[in-house]
Structures are given as C-alpha cells and as structure tokens.
Amino acid sequence: MAKLLRAFFFKSFFFFWYRFLFRQFKNLIRFYRTISNSFSGATQFKYPRFSSLLHRSDLNDQTLVFDVENALLKSSSLFPYFMLVAFEAGGLLRAIVLVLLYPFVCVVGSEMGLKIMVMTCFFGMKASSFRVGRSVLPKFFLEDVGAEMFETLKKGGKQVGVTKLPRVMVESFLREYLEIDFVVGRELKMFCGYYLGFMDNVDKTAHVLDLLKEGKGCSDMIGITSLNNPRDHQFFSHCKEMVVVSEADKRSWQKLGRERYPRTLIFHDGRLALRPTPMESIAILMWLPYGIILSVIRIFLALSLPFNISTPLLVATGLRLTTSRTHHNNSNNKNNNLYVCNHRTLLDPLYISFSLQKNLSAVTYSLSRMSEVLSPIKTVRLTRNRNEDATMMKHLLGQGDLVVCPEGTTCREPYLLRFSPLFSEMCDEIVPVAVDTHVTMFHGTTAGGFKCFDPFFFLMNPSPLYTVQLLQHVFPTTTHVDQDGSKFQVANQVQSQIGTALGFHCTRLTRKDKYLMLAGNEGTVSNPGSAANNNS
C-alpha cells in the first residue's frame with residue numbers, strides 16, 4: 001500500500017510540473033507569434049532606429065513619449081528596484097521572500113512576474129509612510145539612465161514618461177530629478193490607507209492627452225520604445241511617429257554623469273549601498289549572519305581594549321583607517337584642542353580618536369541611547385539652546401580635547417552642509433578635520449530608519465574605509481570674532497578648507513532641508529529615542 005501511495009505521489013508530482021512547464025512553453029510560443037503578427041500587420045507604420053533622432057533639429061516642436069524601462073534605462077531588469085522597496089520599506093523578511101520568488105518571476109512572463117513582485121513588496125504597506133520612491137530609488141534610477149537618451153529627451157518640447165511600474169516608484173525620479181513633464185504609470189489599489197498589492201487597470205491616457213493639448217507641440221508626438229514591443233502601451237498608439245531602441249543601442253550608451261543631472265542629488269536614504277541585482281541580493285542575504293557577528297566582534301574590541309591593542313586587531317578584522325596631516329603646524333597652544341570635522345557617520349569622533357590614539361569627548365545634536373551606551377568615548381547631546389550649548393562645550397573643552405560636527409547631520413554625497421558657527425566662539429585655535437568613508441554593502445546612516453542600528457550596519461561591511469585628514473589650524477582671533485558676522489566667516493572658512501581637502505562642494509543646506517525631503521519632518525521630535533529624531 002505504501003509503495004502504491006509513493007508511486008501515486010511521484011506520478012502526480014511529475015504530471016503537475018509537466019503540465020505547468022508545458023503550459024508556460026505554449027504561452028511562450030503564443031507570445032512570439034503575437035509579436036510576429038504585430039510586426040507583420042504594422043506595415044503602415046515606420047519604425048526608424050533611435051540613432052535617427054540624434055541629429056534632428058525639429059524636436060523642440062514635438063512631444064517625446066518614451067518607455068521608461070525599455071528606452072530610458074540601460075538595464076531592463078526591474079528586480080533591483082523592487083528589492084530596494086522590499087528591503088528598505090518592507091524589511092528583511094519581505095526581501096528574502098522576493099529573492100525566493102525570483103525564479104518563478106522569470107518563468108511566468110513579464111506581466112505576471114511584475115504582478116508577483118508588486119504583491120510581494122507592497123501588500124500591507126502603509127501608503128502614507130512609503131517614502132522609498134522619493135528618498136531611495138531616485139539614486140539607483142539615475143545611475144542607470146542612458147546619457148544619449150536623456151540628451152535627446154531634453155531637446156523635446158514636452159516629455160511624457162510611460163512605465164509599467166507603480167507610479168509611486170518612478171514619479172519622483174522622473175519629475176523632480178529629470179524634470180519630465182508627465183508620468184503615465186500604474187496606480188496601486190488601497191484599502192484604509194494600506195496597499196493591497198494590486199495595480200489598478202484604469203487607463204490615464206485620455207487625461208494626459210488632455211493636459212498635453214493645453215501646451216505647445218502636442219499635436220505631433222514621437223514615441224520611443226523597445227524594438228521588441230513598439231506599441232506595448234496604449235499611449236503609443238496616439239503617436240504619429242515611432243522610434244525603436246534596441247539592446248545594442250542601450251549597451252553602447254554611456255551612463256548619465258552626476259554633473260549632468262538636471263537636479264543635483266545631494267540627499268538620499270536607505271541602507272543598501274550597492275545595486276541589489278539578483279546575485280548581489282543573494283550575496284547580501286548570505287553575508288548578513290556573518291556581518292552581524294563581525295560587527296559585534298568589532299564593537300567588543302573597540303570597547304574593551306586600549307587603543308594600542310585594539311587598533312591592530314580591528315585592522316585584522318577588515319577595518320581600514322587612513323590618517324594624514326596636510327600641513328605641519330607649529331602651534332604653541334597649551335590648551336585642549338577643538339577638532340571640527342564634517343559629518344559622515346556617527347563614528348566620526350571615534351575614528352578621529354583612533355587616529356590620534358587618545359580619548360576625546362564629542363558633542364552631537366541627537367544620539368540614540370544604544371549608540372550612546374556603546375560609544376567608547378564620552379558623548380554629550382546638545383540641547384539646541386545656544387547659551388546652554390555654548391556653556392556645555394566650553395566646560396567639556398576645559399576637561400579635554402573636544403570633537404564637534406557643525407553640520408548637524410550626515411551627508412553621503414560629496415557635499416558639505418552649512419556649518420553652524422557656534423564652535424567659532426569656543427577657543428582661539430581650531431583644528432579642522434576632513435573625514436570621508438567608503439562602504440561596499442551597507443550605509444551606516446539613515447533618516448527614516450532606526451538610528452540605533454547605524455553603527456552595526458557600518459561595521460557589518462566586509463572592509464569599510466575611513467579617511468581622516470588633519471588640516472591647517474584656523475585662528476578665529478585673527479578674524480576678529482567680536483565683530484558682527486565674523487563668526488560666520490570662520491565657519492565658512494573651516495567649511496571651505498574641509499571641502500577643498502576632500503574635493504566636496506560647499507552648500508548652504510541644513511539638517512532641516514535634509515529631513516523635510518527624506519523623512520517628511522524637520523528632524524526633531526519630542527522623544528529623543530524615536531527613529532526620526534536622529535542625527536543621520
């Protein structure tokens with residue numbers, strides 16, 4: 001009886017997979033037949049290649065309608081963007097499920113695979129708290145834009161981006177960073193403010209066409225799409241002319257350089273530092289258990305051992321620290337030193353302390369309880385009351401060397417935020433310190449996540465690099481600090497000196513600007529332990 005049941009089970013299992021694969025094979029044949037028929041029956045349309053647009057001079061009077069996935073981006077794979085949504089907005093479990101489902105996504109076809117990824121990433125997610133489309137995805141989209149295609153789109157009178165992706169994933173990237181006029185995407189169904197994981201099939205083509213008729217050049221539209229699916233979206237049926245992009249064209253394109261972005265990318269959020277392709281995602285998930293153990297070991301070594309012993313041991317675990325002095329200073333200062341540095345992660349004061357091989361105190365605008373407990377050096381929170389903070393800093397400086405990060409928040413990109421001038425009133429000699437970091441897997445900062453995990457994520461990288469440069473001392477007394485506005489001159493001088501050493505651009509942006517963009521708040525709440533109240 002057992003043998004019969006076993007034989008029946010394997011027979012049923014065999015026929016299930018046989019029918020499943022045979023059905024997919026038939027769908028694949030039907031798909032290619034449909035494509036062939038569409039090309040044979042579309043003889044009334046002419047599909048010139050993308051290269052024909054490069055030297056046209058009449059594009060300023062045209063509306064350019066382009067396929068975002070198949071014409072604008074160099075890579076046609078959508079998995080990395082859904083992986084970012086799953087990991088950053090949904091958590092580790094949702095990311096694992098997405099990776100496990102990816103083989104089925106590849107088998108069932110593009111449309112069904114897209115629906116599976118949307119369901120996996122968005123089901124049960126609160127719509128009002130979804131900010132990945134604005135704070136995380138634009139960076140990765142911008143890094144995959146073809147420069148030749150973007151330069152062609154800039155010549156058009158109006159631009160319309162057509163995408164199969166949910167609109168919340170691409171709208172910020174297209175409208176805010178590439179300055180595209182209209183975005184035609186798919187809406188996500190919601191219930192009581194939560195995403196259901198289904199995409200709405202309501203066609204917004206007529207609405208966008210009505211908006212186009214209000215402007216210049218809407219009568220003649222040029223569609224730019226994939227060679228394999230020239231009229232994949234209904235919007236392209238309204239185009240007077242079609243231009244197709246082949247995979248060979250996309251491979252020959254250059255990536256859009258950072259200096260050519262219409263809007264400069266200064267702020268972005270998210271933990272992942274690399275593009276999570278399927279193989280990279282598997283590598284990240286496999287590394288996580290080892291990374292957690294490694295970060296705990298590194299923290300234990302830094303907390304329990306003196307500098308001269310812990311430093312070589314930490315280097316043996318993969319941590320890299322480069323220290324340099326740009327200028328030799330012949331200072332006669334017998335008082336304690338005030339080190340002023342730019343802010344890359346919460347570990348900036350700690351790395352400066354390891355570079356100098358001595359204990360320092362650090363002041364910061366906000367700090368999680370866990371980071372405060374785990375810090376091997378003394379850390380003190382600022383109250384944002386100018387008089388109280390000035391008194392506290394002078395008291396700490398009287399006890400020993402002090403580190404301050406006047407930006408008030410971190411910035412990952414090569415830019416410096418505005419320096420608060422409070423430090424310029426503390427002493428007669430300032431030591432500017434330029435710090436920079438490089439990670440390969442995880443960012444050690446966040447604006448919308450939990451700040452207490454920042455040191456762990458940074459130390460989970462296999463071999464993170466920190467660069468510390470001690471720069472020429474600045475003497476505020478030579479700038480006549482007692483005069484109006486001179487304290488701002490000192491702050492600007494220190495900012496400029498650090499920016500020059502790192503090759504960073506100096507800006508007037510502040511912590512408030514960063515948090516309004518990435519987290520939807522000003523970066524300060526009444527509860528210091530909350531996730532939003534972070535100096536990230």
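1. Helices here are DSSP runs of H or I with at least four residues, strands are runs of E with at least two, and both are numbered from the N terminus. The model is predicted: local features need pLDDT of at least 70, side-chain atom pairs count only at pLDDT 80 or more, and totals for chains, interfaces and linings use all residues. Residues are numbered from 1 along each chain as its sequence is written, and side-chain values use heavy atoms, with hydrogens and water left out.

2. Start with the end of α14. Glutamine 357 follows this helix and has a positive phi, near 60°.

3. How many residues of α14 are buried? The count is 9 of the 9, so the helix is largely enclosed by the rest of the structure. Buried means under 20% relative accessible area, exposed means over 50%, and partly exposed is in between (1.4 Å probe, protein chains only). The buried residues of α14 include Asp348, Pro349, Tyr351 and Phe354. Serine 353 belongs to this helix too. Its relative accessibility is 0%, so serine 353 counts as buried. Serine 353 and leucine 402 are 49 residues apart in sequence, yet their C-alpha atoms are 10.0 Å apart in space.

4. Now the aromatic rings. Rings of Phe, Tyr and Trp (its six-membered ring) pair if their centres lie within 6.5 Å; planes under 30 degrees apart are stacked, those over 60 are edge-to-face, and the rest are tilted. That rule gives 12 aromatic pairs. Phenylalanine 141 and phenylalanine 173 are a stacked pair, with 4.8 Å between centres and 20° between planes. Phenylalanine 141 is in helix α7 (residues 137–142) and phenylalanine 173 in helix α9 (residues 167–177), so the pair ties together parts 32 residues apart in sequence. Phenylalanine 141 is buried at 0% relative accessibility. Phenylalanine 173 is buried as well, with a relative accessible area of 0%.

5. A second pair has another geometry. The ring centres of phenylalanine 307 and phenylalanine 354 are 4.9 Å apart and the planes meet at 85°, so this pair is edge-to-face. It links distant parts of the chain: phenylalanine 307 is in helix α13 (residues 307–316), phenylalanine 354 is in helix α14 (residues 348–356), and 47 residues separate them. Phenylalanine 307 is buried at 17%. Phenylalanine 354 is buried at 10%.

6. Which residues of α13 are buried? Phe307, Ser310 and Leu314 are. They cover an arc of only 70° around the axis, which puts them on the same side of α13. That arc is taken from the directions from the helix axis to the C-beta atoms. The face turned away from the buried side carries the exposed residues Asn308 and Ala316.

7. Back to α9. Its buried residues are Met169, Val170, Ser172, Phe173, Leu174 and Tyr177. The charged end of arginine 263 sits over the ring of tyrosine 177, 5.1 Å from its centre. For such a contact, NZ of Lys or CZ of Arg must be within 6 Å of the ring centre and within 35 degrees of the ring normal. Lysine 139 lies over the face of phenylalanine 140, 4.7 Å from the ring centre.

8. Salt bridges next. Each needs a side-chain nitrogen of Lys or Arg within 4 Å of a carboxyl oxygen of Asp or Glu. The whole structure holds 18 of them. Arginine 186 bridges to glutamate 111, with the closest N and O atoms 3.0 Å apart. This pair links distant parts of the chain, arginine 186 in strand β3 (residues 182–186) and glutamate 111 in helix α5 (residues 110–122), 75 residues apart. Arginine 186 is buried at 16%, whereas glutamate 111 is partly exposed at 30%.

9. What is the N to O distance between arginine 258 and glutamate 413? Their side chains meet in a salt bridge at 2.6 Å. Arginine 258 is in the loop between α11 (247–252) and α12 (278–304) and glutamate 413 in the loop between β12 (402–404) and β13 (415–416), so the pair ties together parts 155 residues apart in sequence. Arginine 258 is partly exposed at 34%. Glutamate 413 is buried at 6%. Elsewhere, Arg134, Glu176 and Arg263 are linked in a network of salt bridges.
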